[in-house]
Amino acid sequence: MRIAVYDSTLRDGAQAEGISYSLEDKLLIARRLDALGVDYIEGGWPNPTNPKDLAFFQEAGKLGLRATVTAFGSTRRATNSPEKDETLATLIKAGTESIALFGKSWTLHATEILRTTLAGNLELIEDSVAHLVAHGREVIYDAEHFFDGYKADADYALQTLLAAERGGARVLVLCDTNGGTLTSEMGRIIQKVKEHIGIPFGIHAHNDSGVGVANSLLAVEMGAVQVQGTFNGYGERCGNANLCAILPNLELKMGYETIGREKLQGLKGFSRFLSEVANVYHDHRQPFIGESAFAHKGGAHVDGVMKVAHSFEHIEPEAVGNERRFLVSDQSGGATIVNKLRRFLPDIEKKNPLVGQILERVKQLEHQGYQFEAAEGSFELMARRVQGTYEDLFTLINFRTINRKTGNEAEDAEAIVKIDVDGAEFHTVASGDGPVNALDQALRKGLEQKFPSLMQVHLEDYKVRVLTSGDGTAAKVRVLIESSDGRDVWGTVGVSENVIEASWIALADSLHYKLLKDALEAAGEGQTATG
Ligand SMILES: [Zn+2]
């Protein structure tokens, strides 16, 4: 049986402490979610006071995604008619096929938060849903605080579901908004709900009691047709139910189909990518896709796994794109590297000696603080450098940056760059908003005369992460740059103790990568991973 995967990474997940996505981040994540194979991508709440979310829906509409992009929002205000309600009007304006509409299930919320009567709340649920359905939308009804509402007044909570059903909702999603419901209790309540509703139901669980995944799995076992959650479990407070655990459990252990087994192998890569874009540490102990999920250290465990892998492993790590690691004698990585290399060297086999050489280089670089999950441009350049089929078209002779800050005036910066292009020396000066911007301007000024196609390249995003240092050594920084030439998007990375130098490495790689892409295209010799 197939279960619809409803992703809320860009809405509920964006409400997590310490996470904030730019519009470009959201679009990039949406493309990757689509490639991963989720059914619904909840893009945000397009309300009149949040233009960023409305812009997302306009831009996402142009991406040609296979997944259903979904807008999220509330039922109408108690004092408005549906036709006059601005929240509903903005939801319709977002132009999505599908809308997740949330309403109140709990008497406390109806009377104290919405300040309406219990009957008034039922009415506004029904007519808000009906209004959106009349505008041709699929309505997914999110019953907010459903389980708490049920515990306070079971009959009323059920009536709210029936109101949404009468309004024409496609699915009734039972939300454990506070995340406080325990699994056995949830089971008893779902059993009762099933006796009353006439349309399918879904589940939206939070992890405040540490059972968000367990609750989601139980709901599916009891008949939920749609499971909502976020990747890496990002979300408010303790987070949402983690799709990184829900999907492999459903798919590999419980006999349900979600994104399919083939795409499931992209799960770890996606999880890492997301943590890079969110700019938060990737939790090594996450079930299934954490770096430590299949890391064996104890001697007896290592010995056991070498003899029979499943003696100490609950699934095959490759099924979710992870890998087995032996912490004492490191033998990992070959298969992962081969998968990455195949994106631009389609015929490479694991036994090719190049794989071992590249793996060795990746390990050295990772030890220095590099991470390639969101920097496939730098990965490909590195691999081709090791392979010996690529040479940089420009090299740095030296650069200098000067920063000036006077009183309250804005900072002003200047960069002087000297580079070598094919034996000729280019010497340029440029100013910018900060030293990195000035460096970028000066480098391009020098190169654009010789390589006009670099004029198409612009920086989409720039992120700096401070890496924790060992005692007595300076902290390193990792700079991640995302570039685009209007057709393709690629990431590059640089690491140094100095943020300007780390930025230079990532900037130079970004332009090297564009030149590589152009050269391969011109020669008709296959293409890069992103081209
Ligand atoms: Zn939620």
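So, aromatic pairs: this structure holds 13 of them. To count, the rings of Phe, Tyr and Trp (its six-membered ring) must have centres within 6.5 Å; planes under 30 degrees apart are stacked, over 60 edge-to-face, and the rest tilted. Please keep in mind that this is a predicted model, where local features need pLDDT of at least 70, side-chain atom pairs count only at pLDDT 80 or more, and totals for chains, interfaces and linings use all residues. Residues are numbered from 1 along each chain as its sequence is written, and side-chain values use heavy atoms, with hydrogens and water left out.

Let's look at Trp-45 and Phe-72. Their ring centres are 5.9 Å apart and their planes stand at 85°, so this pair is edge-to-face. The pair links distant parts of the chain, 27 residues apart: Trp-45 is in the loop between strand 2 (40-44) and helix 2 (51-60), while Phe-72 is in strand 3 (residues 68-74). Helices (H or I, at least four residues) and strands (E, at least two) are DSSP runs, numbered from the N terminus.

Buried or partly exposed? Trp-45 is partly exposed, at 27% relative accessible area, and Phe-72 is buried, at 6%. Buried means under 20%, exposed over 50%, partly exposed in between (1.4 Å probe, protein chains only).

Ring pairs also join Trp-45 and Phe-72 with Phe-102 in a cluster. And Phe-72 has a charge over its ring: the charged end of Arg-11, 3.5 Å from the centre. That term requires NZ of Lys or CZ of Arg within 6 Å of the ring centre and within 35 degrees of the ring normal.

Lastly, Lys-26 lies over the face of Phe-56, 5.1 Å from the ring centre, and both Phe-56 and Phe-57 are buried. Thanks, everyone!
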